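This report describes one protein model for a reader who is new to structural analysis. Please examine the sequence and the structure before reading on.

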Amino acid sequence: MDKPAPLIDPFARAIDYLRVSVTDRCDFRCVYCMSENMTFLPKKELLTLEELDRICTSFIHLGVKKLRITGGEPLVRRDIMTFFRAMTRHLDSGALSELTLTTNGSQLARFAGDLYAAGMRRINVSLDTLDETKFAAITRWGRLQQVLGGIDAAQKAGLRVKINAVALQGFNEDELFTLQDWCATRDMDLTFIEVMPMGDLGNEDRLGQYWSLSDLRARLAERFTLIDLTERTGGPARYVQLQETGQKIGFITPLTHNFCESCNRVRLTCTGDLYMCLGQEDMADLRSPLRASKDDILLQTAIRTAIARKPKGHDFDYSRQKVDGQVSRHMSHTGG
């Protein structure tokens with residue numbers, strides 16, 4: 001069969017990276033992501049595991065090489081390993097270069113070995129603090145020791161772990177070097193993320209939480225020699241290496257540095273909505289063409305039509321000094 005034309009957006013960017021939210025549910029309630037009393041989607045609105053397979057397979061057929069599974073917390077989805085094992089065939093064939101996962105780490109002790117067996121080689125774990133009391137406060141329902149045990153299990157299984165920490169003013173500023181040192185001793189890379197204006201959760205001051213990563217970087221530079229790296233991992237992070245330790249530190253800065261020019265990714269929600277940009281409301285419904293036909297021609301046409309609408313960049317901006325009304329959905333809905 002002839003290889004189909006790749007997915008190219010209106011700005012000549014090849015789209016080869018798909019992020020897929022497999023559930024909006026989570027066993028934590030992180031304050032910058034969800035309200036405490038979340039109303040979750042009815043199960044019938046969610047794509048089934050078989051439907052997720054069909055959509056991901058169509059994207060891979062159209063040239064997607066990297067698949068990142070997100071949530072909510074993806075590992076709380078019932079029978080999720082069935083989906084991961086199904087994706088192994090694309091790794092085995094070479095059609096897919098990487099299958100990876102972003103997780104809060106709470107379920108890794110159970111699943112790390114199975115994930116490795118399914119072909120996963122690296123994962124991202126979201127962890128903002130190493131202080132048990134603060135961890136309980138920011139996740140509301142989380143237990144730090146469970147996450148640390150999960151990270152142990154992941155490393156033991158052979159998974160490379162990267163830590164993602166949201167930079168929050170007045171919360172984890174004092175742990176900058178604690179987190180950096182802890183990751184260095186465990187041979188884990190560390191990426192800091194600026195807090196994004198996603199959804200009014202009714203309980204958090206987004207402007208008050210905002211800690212510019214340029215400030216964070218300057219503090220690192222007081223202690224270490226920072227070497228800028230040109231490498232990319234398919235995501236939005238820009239990396240430096242700490243010369244003294246060899247450690248890699250990433251910065252995801254949607255606000256102080258717009259990373260849109262090299263954007264190669266789109267995001268699929270657990271209900272089948274495709275967001276061409278995290279910072280825009282425009283999306284395409286893939287669930288309807290998926291369910292309208294047993295073959296995937298309609299679905300693949302819908303995917304191509306959606307990619308043709310991908311915008312040049314996002315609209316995140318703190319300079320207006322207001323965060324309401326920018327992107328109304330919760331981060332947990334889109335899957336980060």
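Which residues of helix α2 (residues 80-93) are buried?

## Basis of the report

This is a predicted model, in which local features need pLDDT of at least 70 and side-chain atom pairs count only at pLDDT 80 or more, while totals for chains, interfaces and linings use all residues. Residues are numbered from 1 along each chain as its sequence is written, and side-chain values use heavy atoms, with hydrogens and water left out.

## Helix α2

The buried residues of α2 are I80, M81, F83, F84, A86, M87, T88, H90 and L91. Here, buried means under 20% relative accessible area, with exposed over 50% and partly exposed in between (1.4 Å probe, protein chains only). An α-helix has 3.6 residues a turn, so residues three or four places apart point the same way.

The cover over these buried residues includes α1 (49-61), β2 (66-70), β3 (98-103) and α3 (108-117). Helices (H or I, at least four residues) and strands (E, at least two) are DSSP runs, numbered from the N terminus. After α2 comes G94, which has a positive phi, near 90 degrees.

## Residue I80

I80 lies in helix α2. Why does I80 count as buried? The reason is its relative accessibility of 1%. Apart from residues up to four places away in sequence, I80 touches V22, L49, P74 and L75; contact means heavy atoms within 4.5 Å. Between I80 and V22 there are 58 residues in sequence, yet their C-alpha atoms are 8.4 Å apart in space.

## The nonpolar core

The largest nonpolar core has 92 residues, of which L18, F59, F84, L115, I163 and L274 touch the most other members. Helix α2 supplies the largest share of this core, 7 residues. Such a core is a set of buried Ala, Val, Leu, Ile, Met, Phe, Trp, Tyr and Cys residues joined through side-chain atoms within 4.5 Å.

Leaving aside neighbours within four places in sequence, the contacts of L18 include C56, F59, V64, V266, L268 and L274.

## The whole protein

The protein contains 11 helices and 12 strands. Of its 336 residues, 57% are buried. Among contacts between residues at least 6 apart in sequence, 73% join residues at least 24 apart.
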